[in-house]
Amino acid sequence: MTVESKAAEELRKQDLIREYKGKELLSPEEPANMNVAEPWLPIETKLVIGSLIGGVAALIVLATLIHIFILGGLQ
Amino acid sequence: MTDQKRWNTGMLSTEDWWAVWIGLFFVALGLVTAATGVNLTGWIVKFSGWVDPAKSFRASSKGMMHPGVSLVLSYVIFTIATSFGAKFMKWDVKKYFLAWSAIFWLTVLFYIVGQNAYIAASSLDRGKYGIDWSLSLGGAYYIIALFAGLIIGNLTPKKFREFIKEAAKPEWFIKVAIVCLGAKLGLKAIEATGFAMHLLFAGCCATIAAYLLFWPLAYTVCRKIFKLSREWAACLASAVSICGVSAAIATCGAIRARAIVPIMISSLVVVFAVSELVILPGVLTKYWSDEPIVAGASLGLTVKTDGADAAAGAILDELLRAKSAEEGVHLEEGWVLASAIMTKIWIDMFIGIWAFVLAIIWVLHIERRNGDKVMKSEIWYRFPKFVVGYFVAWFLVMGIGLAGLLPFEALESGFSPVEGSLRKFFFMLTFTSIGIVTDFRELAKEGLGKLTLAYGTILLIIIIPIGLFLAWLFHHGMMPPTVS
């Protein structure tokens with residue numbers, strides 16, 4: 001990596017660090033291993049299932065309303 | 001999340017707010033023009049189709065001044081406006097000015113080349129230019145700017161790339177354009193209020209459903225199939241399913257992921273968004289031209305940066321109108337683009353809420369950080385402020401028109417240069433800048449292979465199919481108004 005690209009990379013990191021300001025930021029160079037084996041927690045199941053149920057419910061209710069009040073009127 | 005910020009934090013120091021100030025400044029000039037008759041917007045340079053290069057650009061108000069003067073004046077005023085923002089955002093103004101000047105004049109060149117009648121004129125327009133053939137590539141100027149930008153960003157000497165990137169700000173330019181687009185929608189809504197409102201509500205509903213379906217599916221694929229850790233999975237899921245770079249940063253902030261996570265994911269988002277921008281408008285025009293609003297809305301749900309989405313919407317608008325015109329139907333300009341931006345804007349608005357939800361879950365359940373508080377004000381800090389400018393411009397123009405405070409003709413003559421010429425030029429700046437900042441070498445970085453595969457897989461098997469379905473479900477049958 002050349003000096004210029006290192007400098008550009010550093011600038012991008014600084015931008016992100018500003019975004020995180022006030023928080024306990026780990027060093028950008030801190031290895032963030034994406035392959036760490038982390039067990040699937042019950043809260044992840046709740047988050048995923050809850051969101052999916054909410055999504056399907058929203059889809060049914062909102063699509064029905066849109067069809068009754070907007071798209072129905074276009075036919 | 002305990003750092004104290006005020007509600008007005010960033011008003012003079014962020015790109016988002018400066019897009020609002022610059023956009024509303026030009027909208028205000030349009031309003032004064034409409035109200036007083038003193039032409040404050042006619043100087044804005046307007047590019048149009050040409051065979052004779054001398055007719056490739058002129059002042060928006062025909063005959064107001066020499067075309068060259070209009071071009072130079074536009075350069076000076078846009079330079080002052082954006083440099084003012086750059087100074088407040090504490091950028092290096094000298095470097096910004098030099099790079100901006102290069103991008104401005106290169107964009108002018110790309111715009112002129114792309115508007116050549118032999119390239120852009122449709123079969124219906126050939127008679128107007130006195131030519132007997134043309135490539136009929138409406139919107140080619142956008143693609144020329146994009147590819148020229150890509151060449152600059154990937155193939156020019158490193159020193160030049162670093163120099164020009166100082167002013168390559170696609171997200172900023174597109175946000176200025178989107179605020180000005182609000183004025184266009186306001187003008188259109190005066191004559192088609194019902195349709196504009198339908199678009200607003202349908203876009204909101206499609207987005208709510210999309211949000212709640214995209215994220216959990218993307219997160220599950222990241223965790224279960226690609227075996228990513230939670231911080232990578234959450235940030236990648238937000239990036240691919242919500243709103244690219246800003247969602248990745250918001251999510252990483254919310255769950256306190258390491259800074260390297262959004263840096264790596266952001267580079268992926270940009271590269272994929274550019275690929276979608278090139279591919280999707282053509283595919284949608286070929287296979288979905290009978291549902292132009294559905295096609296437009298689907299872009300908002302599937303293209304993950306504001307710049308690329310608006311850019312793709314602009315190309316799609318041109319392509320669909322050209323195709324419809326050849327079949328004898330003349331669609332009004334801008335509605336397809338408006339549908340692409342409407343869904344994207346709703347997605348942007350929900351980023352803060354989703355980041356807030358994730359922050360609560362991570363603080364209370366995953367990392368169990370006792371004593372940490374998640375402030376509700378985070379929702380406002382994450383709210384995309386340019387949306388405020390968009391809606392202000394929209395409802396201001398529409399309100400004045402519907403209330404009969406000013407005649408439609410006056411509003412049209414005041415705002416047309418802003419919502420037409422200026423907006424399109426900022427779109428062009430966006431295309432050039434997207435190309436410049438898209439660095440395909442990023443994909444060669446260590447570790448990106450797996451992320452790229454995950455991002456591409458989720459985009460292809462989850463986001464695009466569901467996005468197309470939701471766009472159809474919530475918009476089918478909606479046809480843009482036509483012009484006689």
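Colleague: How does H9(B) pass H10(B), in a left-handed or a right-handed crossing?

Modeller: Keep in mind that we're looking at a predicted model. Handedness tells you which way the near helix is turned from the far one. Here, H9(B) makes a right-handed crossing as it passes H10(B).

Colleague: Which residues make that contact?

Modeller: From H9(B) you have B:Tyr211, B:Phe214, B:Trp215, B:Ala218, B:Tyr219, B:Cys222 and B:Arg223. H10(B) brings B:Ala233, B:Ala234, B:Leu236, B:Ala237, B:Ser238, B:Val240, B:Ser241 and B:Ile242. Sort them by class and you get 12 nonpolar, 2 polar and 1 charged residues.

Colleague: At what angle do H9 and H10 of chain B pack?

Modeller: About 140°, and their axes are 8 Å apart. On chain B, H9 covers residues 193-225 and H10 covers residues 230-255. To name the arrangement, you check the angle against cut-offs: over 145 degrees would count as roughly antiparallel, and 65 to 115 as roughly perpendicular.

Colleague: Let me try another pair. How do the axes of H3 and H6 in chain B cross?

Modeller: Helix H3 of chain B is residues 93-114 and helix H6 of chain B is residues 140-155; their axes come within 8 Å and cross at roughly 140°. That makes H3(B) oblique to H6(B). The crossing of H3(B) past H6(B) is right-handed.

Colleague: Which residues of H3(B) and H6(B) are in the contact?

Modeller: On H3(B), look for B:Thr107, B:Phe110, B:Tyr111, B:Val113 and B:Gly114. On H6(B), find B:Ala140, B:Tyr141, B:Ile144, B:Ala145 and B:Ala148. That contact has 8 nonpolar and 2 polar residues, with no charged ones.

Colleague: What is B:Ser421 in contact with, leaving aside neighbours within four places in sequence?

Modeller: B:Ile44, B:Val45, B:Lys46 and B:Ser60. Take B:Ile44: B:Ser421 and B:Ile44 are 377 residues apart along the chain, yet their C-alpha atoms are separated by 6.7 Å.

Colleague: And chain A? How many helices and strands are there?

Modeller: Chain A has 2 helices and 0 strands. Of its 75 residues, 17% are buried.

Conventions
Residues numbered from 1 in each chain as written. Chains lettered and ligands numbered in written order. Predicted model: local features only at pLDDT ≥ 70, side-chain atom pairs only at ≥ 80, totals over all residues. Helix = DSSP H or I, 4+ residues; strand = E, 2+ residues; numbered from the N terminus. Buried ≥ 20, exposed ≤ 12 C-beta atoms within 10 Å, placed from the backbone. Axes fitted to C-alpha atoms, helices over the stretch in contact; angles between N-to-C directions. Contact = placed C-beta atoms within 7 Å. Nonpolar A, V, L, I, M, F, W, Y, C, P; charged D, E, K, R; others polar. Parallel < 35°, antiparallel > 145°, perpendicular 65-115°, else oblique.
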